[in-house]
Every structure is written in C-alpha cells, then in structure tokens.
Amino acid sequence: MRHLISVDELDRAAIERIVRQATHFADISDREIKKVPALRGRMVLNLFYEASTRTRSSFELAAKRLSADVVNFAASGSSVEKGESLKDTVLTLSAHRPDAIVIRTPWAGAAALVSRWCDAAIVNAGDGKHEHPTQALLDVYTLVSRLGSLDGCSIWIVGDVAHSRVARSDIVAFQRMGAKVTLAGPPTLIPREIEAMGCAVRYDLDEIGDADVIYTLRMQHERMTEPWVPSLREYATRYQINESRLRSSQIVMHPGPVNRGVELSGEVVDSPQALIAEQVKAGVVVRMAVLYELLASSPTAASAPAQLGEVHV
Amino acid sequence: MSRTELVCRPSTPERLLFSEVRVLDPRSGLDELRDVLVDGGVIVELAAPGSLDGEGARTIVAADELVLTSAFFDPHVHLRSPGQEHKEDLESGTRAAAAGGYGGVIAMPNTEPVIDSAPLLRSLRDAAHRQAIVPVGFLPAITVGLQGDQLTEMVALREEGALGFTDDGRPVTSAGMLRKALQYQRTAGGVIALHEEDPTLSAGGSMHEGALASSLGVTGVPTISESTMVARDAELAAYEEGRVHFQHLSCVASVNAVANAKANGARVSCEATPHHLLLTDAAVATLDTRMKMNPPLAGEADRQALIEGLRSGTIDCIATDHAPHARDEKEVPFEQAPMGTTGLETAFAALNAGLVEPGHLRLELLLERLTDGAGLYGLPAPRIAAGESADLVLIDLGASWIAGEHGWASRSENCCFAGQRMLGRPLVTVSRGAVVHDLLREGVA
C-alpha cells in the first residue's frame, strides 16, 4: 500500500490487516509509556484546508506515538490565503521531504491529485464530500471490537448522506466487511441513484428496528448553502435517534461533532449504547496502523525498522 | 451588407490543382474523382480526372484515401480575445481551426471585457482583420456584461457586423428579459443563441447528476437544468416568432423539446458538440479536469439521443464549443476547475473514429453537419462548384493518430480527447483560396 486515498482501494484482507495492527497499537496505548520508535526520524506533514480539530489532532497523536516528526500546515493564515495554488503549496512543502502528507481539502479528488505531484505517501483525511477513509477504518475497527464481525450485520446510516464523505467511505467499507447497508434520511439529502453503491434507501425510520447498528450523520450546516430541510425541528421529529426509536440491543455511532437534540437526543449520546467515545479512541490507533502500514514497510525508508509486518511490543 | 462578413487577415490566394481527387460534396450529392482547380480565391473548374494540366499551379496528386470536401464551419468557439490571451488568441485559435479543417468560426463574447458594445466589436473585428488565419464571425452579448438585466444595443451591434447575440457561458435566466430580446430581434435581426441552464437547478454542480456523481460526492447538475430552459425558451420563441438557436444540447429531454418546437413550426435550431456525442459521465470517474465542461457529459441514453438527433435533423449542426484553458487553471481539483474542453483540432477525427467507423453515422452526414452551422447564421452554405469560394479541406480518411501526439496548434491543451485514437486527418485546409493549414508541405503526412 503506497497511499490511502480511497477505501475502494482496500480489499477485505487489507482492512482486516489494518484492524489487526490497530489492535496491537491499542494494547500499547494502554501502557504507561505509549510511544514506540517505529517511525523515528520520519516526517508526517498535516496539510489541512478545512478547519479540523479532532481529525488533525488524532493524526498528530498517532504520528507522535510512532515517534515520527509532525509538521502542521493549516491553510488559513498561510500562503494559501495569498493565492497560492494547491499544486504550488504541495511542491513547496515537498521540499522538506515529508515521508507522508495527511491532507484534508473541501474538494473531491484532491488527495489523488496530490499523490501525483510528490513522492510522499498520501493519506486522505477528507476530500470534499467524496471520502474519509481513516474514518471508515476506525468505524470498522470500533464495530469489530464490539461485535467481533460485521458479516450479515445490518447497518443503517441515517441523515445527511448528500454532504457526507464519511457516509461514502462507510458504505464501501461496511459492505466489504460483509454488512448490509441501508441509507435513511430526507429525500433532499439522499443523492440520486446512490443505490448504485449497493445500499438500500429509505425515507423514513419505520423499519429501523431491523438495524443492528445505527450510524447517525451530522447535519452539516457548514456545507449547506441553502436549506435542505424545512427546519431542524422537523428533521429531528422525523429522523432523530432517541429513546423511543432505539432498541436496547442496537448500537449507535456518530463521526462527531454531534448536534445534540438534532440527529441524536442527548440521552442517546450519553447512553452506553453509543460508541462515540470509542470511535474517537479508535481514531488514534487506526491512524497509527495506517501510518505504520504506509511508512514502516516503504522501501525508501531511511530508518525503517528491520522487522516488517505487525509490531508486537 | 458587407459588414456581416466574416473577417480574417488578408492572404494571397494560390493557384492550386487537386489532381484526380475524390470530391465529396454531400450537399450536391457529388462523390466522384475530379480535377479541381482553385485560383483567385474561388473554385475555377471541376473537371474529369486527369483532364486539367495545372500550368502554374501547385499540384496536389491525391492518394487512395484522400477526400476533398468543403471546409468545416464552427458556430461556437471561444477565442478568448480580448483579455484572456494566456488561454488563446485570434491567431492561435484560428490556427487550431485551420488544423482541424475549419474554414470559418463564430466567436463567443464572454471575454474580458465582454463584447457588449459596438466600439468593442469594431476593435475586435479590426484585430481579427490583422490576426485571424481563417474567417471569424462574432456574436456579441444579449445583455450588457452578460448580467441578464439590460439589452445590448443590438441594432448598433448588427450594423457593426454581429451575426447574432448570445450570453453564452450563462443562461438568460429571466424569461422577461429574453422575451424583450426576442421582441427587439424583430428590428435588429440576427440569431439569438442560448446557453440553457437553470442556475437554481445547476448551482454548485460540477458534473452530470447520477450514480457516478453520487458515489464521487460531487454535486450533480440534473439534465432538467438544461431541458426545462430549452422548453421554456422554445415557447418564448414561438410566441414572439423569434429566431433562436440552442447551443450545445446535452440530453434526451432537450432534444425532444427542440423536436416538439420544430414540429410546431417554431424557428429554432440547435447544435451538439463532439464531446457530448462521444463521451458520457463515465469519463469523469477519475475526476480528470479535461472532462469538466458545461453542460456536463451526461448519460449514455442522452448521448444516443444526440446521435439520433443528428441523423434525424433535429440537431442542425455540430459545434465544438472550443473552450481553451491554461494548464495551471486546469491543474486543480475537479470542483475548482473551469469548465470547457478544446475541440477544433479533434472534431472531425474524433467523430469519424467514434461514429462513422463503427457505422453509427454516415460520413456524408458528418461532413454536412460539420458545415451546416454557416447557414444557420445566414451565411452561404459551402458548396463545391465552379465559381464558389474556395473553402476546402483535403482529408486523409485512413490516417490513424493519437490526439495530442503532434502537439496542439491551440495555445491550450485541455482536450477531452487527448490520448484517444483519432481517425482521419485534415492535411490541407484552403480558406478563400489560400492554404491555411498544410501538412503536405510540412512533410508531416
């Protein structure tokens, strides 16, 4: 694996390998000394064109736990605001010879483009409404940790699918791991012909009792240039996951940040059925596994550990 | 009115003899070996093969697969002058036209500044008189600054040589505004050419709405954005008895709307581009910015409807919508990239390879549709006959080549067919009796 641009590039075996590696890193994270020297001397560059706290710090923490050097480059307050193009920015930053570039942009396909312009391993941390592959991997990791397997599992993804890169990556990853995916939300927020991705579509939650896992999406005000639903109140009435809709055996997930009282009721957020905190925790170990997979086995590595494959510490 | 003539820089007509060449003029049904003598800017004589001696003439002896036909006419190109000469200019754009076998083009007004006044049009025509290699006609704007809220001085523009009017690149969103333009057309004349798009439906979209856009997370443009406007404006044109030309149709419903309007007697015509006739949104799967154009590449059913429209005559002509953009402007993420593909240098060869060779379209019909744009704008339809203006192209029908392998005459290289196999190559283009493109003399062929 040279880059992580899209979940679509990963077969089930690759996803399972990353999940397994993440499990090993999770063991390390529970120790007093959480750091391993796997990527000592390697440089990871975080290039973020969109505001992000949790994803960026999750990647930063992951890189640091692997002893890599981390440089954060935020587009605001930088040359980007002075009109520098994405390509020029990437070429300029490449002069520092980063081993990996973790990139988030508001544009579909940007991470793939960047991979053509430089030698670094590219990790897509979100490209517009297209993909967010590490989120999908951490979601799979979280579910596998809880359920053991996703084979035959029914997962409902509820809410604003149209503006969600998380949904697109999850649809692919969940299905590849053997789950059945159903999308539910207001028709204005379910993209036309999305069924072609292999999932079912519902415009109401009448049959949500069938779901083993309910994956709720954030109503993304920041991506909306026009009102897609009459009101958040009507949205909540019809699509909010709350105690009256939730069965006790069901698991609830959310990529964060949550709009309490909109897509999820506060009670559900705080209930033990919600795995939201587990997802955040999984984010670090899964991103460690991704960086490790990309960098520790790369042939150009100046300080690659002699022992390739999974790290057992 | 001499002002309405197309303009180009003065050139010296040559004395040329095409000896024993297959002459193909679908308009007159001619498809036979002939000797064709060109002199003084006109076709002097069409004679039996081997009968003309060509004294004092450059003699071009035709090989097996060469065919001599009327030079093509493109009613829709962006030459980017004034103001965007880093993309294209009158010389490079018309050189690209000549290389593609075109003997005339019509340039769009969405330049910087927008061509929306008589003095601007006059200065642009003066520039074309110095720089253009093949004749260029102009469509100035319907509304001032393409802003959609005030008519340009259509009469003054017509007197300065406007063939018609367009806000191309943008729709005339307001039906009331377009109605006024159609009413005023009664006194101004000229064709009103329309880029059809409902911005409330297309807003934010970068590609055709459908399964692929949904899986890529790219906001789609629904085909109804175009077709509802075609239907609306066909009704407006019928009501005001106006003369309207619909630009770059891209979908089934638009073709149907035009067919209905024609059946009801409305004075409407329309064009389709090589890219909409040959490609679908599947080409966008890798988010290659060369595949981003407006209207976007649509579905296979849409493409088939366009091909059928060409056959039936619902679609009157082929236009390239040649839209050059500089490399750095296209080397950006798909959603940020400007819309448009170049097309002049590949139109015939791409359509010949994609539609004629597999048997979807007859060569004669393709050649006709590549020249039909002239008549739509009131210009004489090209014919190959003694006394006619010598606007000709000699094509090697058997030449198989890869688009872009010889470089580009255009200043820009954002061609959606780059790297694709082309079939048939314009070897010599003659415009008003002067050779404006010549691969034989360059020794390339």
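Trainee: Over how many bridges do strand S3 (residues 100-105) and S4(A) of chain A pair?

Mentor: Helices (H or I, at least four residues) and strands (E, at least two) are DSSP runs, numbered from the N terminus. Two strands count as paired if DSSP finds at least two bridges between them. Within this pair, Ile101(A) stands opposite Ile122(A) of S4(A). S3(A) and S4(A) run in the parallel sense, and the number of bridges between them is 5.

Trainee: How many residues of strand S4 (residues 121-127) of chain A are buried?

Mentor: This is a predicted model, in which local features need pLDDT of at least 70 and side-chain atom pairs count only at pLDDT 80 or more, while totals for chains, interfaces and linings use all residues. Residues are numbered from 1 along each chain as its sequence is written, and chains are lettered from A and ligands numbered from 1 in the order in which they are written. A residue is buried if 20 or more other C-beta atoms, placed from the backbone, lie within 10 Å of its own, exposed if 12 or fewer do, and partly exposed in between. S4(A) is mostly covered, the buried residues being 7 of its 7.

Trainee: Which elements give two or more residues to the side of chain A that touches chain B?

Mentor: Residues are in contact if their C-beta atoms, placed from the backbone, lie within 7 Å. The contact takes 21 residues from chain A and 18 residues from chain B. The elements of chain A that each supply two or more residues are helix H3 (86-94), helix H4 (110-117) and helix H6 (165-176).

Trainee: Which strand gives the most to the side of domain 1 of chain B that touches domain 2 of chain B?

Mentor: An automatic or database domain assignment sets the bounds, giving domain 1 (2-68 + 387-442) and domain 2 (71-376) in chain B. In chain B, 37 residues of domain 1 are in contact with 54 residues of domain 2. Strands S16 (392-402), S17 (421-431) and S18 (434-438) of chain B each supply at least two residues of this side of domain 1. The greatest contribution, 9 residues, comes from S17(B).

Trainee: What distance separates the centres of these two domains of chain B?

Mentor: The centres of domain 1 and domain 2 of chain B are taken over C-alpha atoms. The separation is 26 Å.

Trainee: Why does Ala62(B) count as buried?

Mentor: Ala62(B) is found in the loop between strand S4 (58-61) and strand S5 (66-70) of chain B. Beyond its neighbours within four places in sequence, its contacts are Phe18(B), Ser19(B), Glu20(B), Val21(B) and Arg22(B). Ala62(B) is buried because the number of other C-beta atoms within 10 Å is 22.

Note on methods
Two residues are in contact if their C-beta atoms, placed from the backbone, lie within 7 Å.
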